[in-house]
Amino acid sequence: MRNGGGVLGLLAPATSWGLFWGGWAALLPTLQDELGLDDGKLGLALFAVPVAAVPAMLLTGPLARRLGPRTLPLVTLGFALGTLAVAVAGSRWTFAAALLLIGATSGAIEVALNATTAAREALTGERLFHRVQAATPLAMVLAAPAVGLALHAGVSARAILVTIAVLVALSAAAAIDRRRWQEEAAEPGSARAERANGRLLIALSVVGAVGGTVLLMENTVEQWGAIHLTDNLHTGPFLASCGPAVYMAGLSAGRLLAQWRGERVGDAPLILGGGALGGLGLALAAAAWSTPTTLAGFALAGVGLAPVLPTLLAATGRAVAPSLRPQAISLVTTVSYAGFLGAPPLVGTLAGRLGLGTVLGVVALCGVVVMVGARSLRLLPAEAGPGTCDPDGASDDPGGSGGSGGSGGSGGSGEGDRAEGVRSDPPHHPRPSRRKGVAR
């Protein structure tokens, strides 16, 4: 811990990131009034967030490969500056420019946080993804009512944003880590390595698509859960807001549960069970029998889907060599984010024709896609560790000997397996010695 970082260095940015986005929905009406924006102008300004986020996510992988542990504190500090820029924005154009910075740094945080967590798991042998990803939804659940109460008490939106910016900056300081990530492996340019890289790209895209399905289901609840309760069950504003809130609470609880007992269950069963519970919960909510059963459905969906994306990311981080890990995490995260972006317009368009309750039922069927997606883990190479071949054909073993042929995640054999880093022996989970300076 003397070198900084540690688990706190991951939890702090994840929490401050959640604080901003948790309070954002409550702050928007006040900011809209102060800036004099109608709904159309506000919508165009908000579009700056995804426009900036997607390219930033793609670029953060190579950046993380170059900067290593410095990436997360750097982009988190940028997010703090973006939050401060929103606080001082005085016109439509400065507000939109600030949101471009928010979108870019928010997308970068998502990739940097996942890449850093994967690297830390590889260094320490500790399971961290579920714990770290539980912090963000928990912070969002707490931030939303806290910001609402602060606004009700007369605190200005700008003062709230400045406070959040300070907290984000402090979390950037907590994320500073002077330890190096694992050494990168050499990158040969052989044709066999290129074929292996092509197969790895397909595997990562499929894994990302499963993550995108989860985020489509998640954002459907976040964006449309309150509307469903209002339109189909005629609840008041408070009970309507409880829909997304109980889902987020379920996410946090499910990830903490997976952190506690997930290792005994295994990756594929976690994803399989998560898809089943997530789909069942959304189906229960879509039925709209009563307000309590609908809220229970949203909570069950949160608990079920909670471990899926962290499990996919953790499996990706273990499967690839250190030299490829940042780009692999970046690709899976970015492809997954497409589901998050696509949910609001897709659900809105279908709801206009079929009704929101029916569309929620259709989205619940995505749970079956997640269940089938548990098999996507078989496409990944065998877990990269000391003495294994990396996915581009280079061996991490100092003696130069890679794994021999056999069956693995891709189902190949012989030379093809060696090119993809598939070993004939079962995956090994080495736990490094407890040397000084490594947080456990």
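Contact here means heavy atoms within 4.5 Å. With that in hand, look at serine 16: leaving out residues up to four places away in sequence, serine 16 touches Leu167, Val168 and Ser171.

Some ground rules come next. This is a predicted model, where local features need pLDDT of at least 70, side-chain atom pairs count only at pLDDT 80 or more, and totals for chains, interfaces and linings use all residues. Residues are numbered from 1 along each chain as its sequence is written, and side-chain values use heavy atoms, with hydrogens and water left out.

**The big picture**

The protein has 16 helices and 0 strands. Both kinds of element are DSSP runs numbered from the N terminus, with helices being H or I for at least four residues and strands being E for at least two. Of the 440 residues, 52% are buried. Buried means under 20% relative accessible area, exposed means over 50%, and partly exposed is in between (1.4 Å probe, protein chains only). Take the contacts between residues at least 6 apart in sequence: 81% of them join residues at least 24 apart. The accessible surface comes to about 18,500 Å², and 66% of that belongs to carbon and sulfur atoms; such areas come from the Shrake-Rupley method with a 1.4 Å probe.

Serine 16 counts as buried because its relative accessibility is 4%.

Now try two loop residues. Histidine 234 lies in the loop between α8 (191-233) and α9 (237-265), and has a positive phi of about 55° although it is not a glycine. At 67% relative accessibility, histidine 234 counts as exposed. Alanine 288 is in the loop between α10 (267-287) and α11, and its phi is also positive, near 50°. Alanine 288 counts as buried, because its relative accessibility is 19%.

**Helix α11**

How far apart are the end C-alpha atoms of helix α11? They are 21 Å apart, which agrees with the 21 Å that its 15 residues (291-305) should span at 1.5 Å a residue. The expected span is 1.5 Å times one less than the number of residues. Its buried residues include Thr291, Thr294, Leu295 and Phe298. An α-helix has 3.6 residues a turn, so residues three or four places apart point the same way.

**Two cavities**

A search of the whole structure finds 2 cavities of 30 Å³ or more. A cavity is a set of points on a 1 Å grid over the protein atoms alone where a 1.4 Å probe fits but cannot get out, and lining residues have an atom within 4 Å of a point. Grid points are joined across faces, edges and corners, and a volume is the space filled by probe spheres set on the points.

| Cavity | Volume |
|---|---|
| Largest | about 40 Å³ |

Residues lining the largest cavity include Glu110, Asn114 and Thr333. The elements giving two or more residues to that lining are α5 (92-124), α12 (308-319) and α13 (325-354). By class, the lining has 3 nonpolar, 3 polar and 1 charged. Ala, Val, Leu, Ile, Met, Phe, Trp, Tyr, Cys and Pro count as nonpolar, Asp, Glu, Lys and Arg as charged, and the others, Gly among them, as polar.

For the second largest cavity, the lining includes Gly9, Pro69 and Arg120. Here α1 (6-35), α4 (71-88) and α5 each supply at least two residues, and the lining has 5 nonpolar, 2 polar and 2 charged residues.

Technical notes:
1 Å grid on protein atoms, 1.4 Å probe; cavity = no way out; pocket = protein on both sides within 12 Å on 5 of 7 lines; lining within 4 Å.
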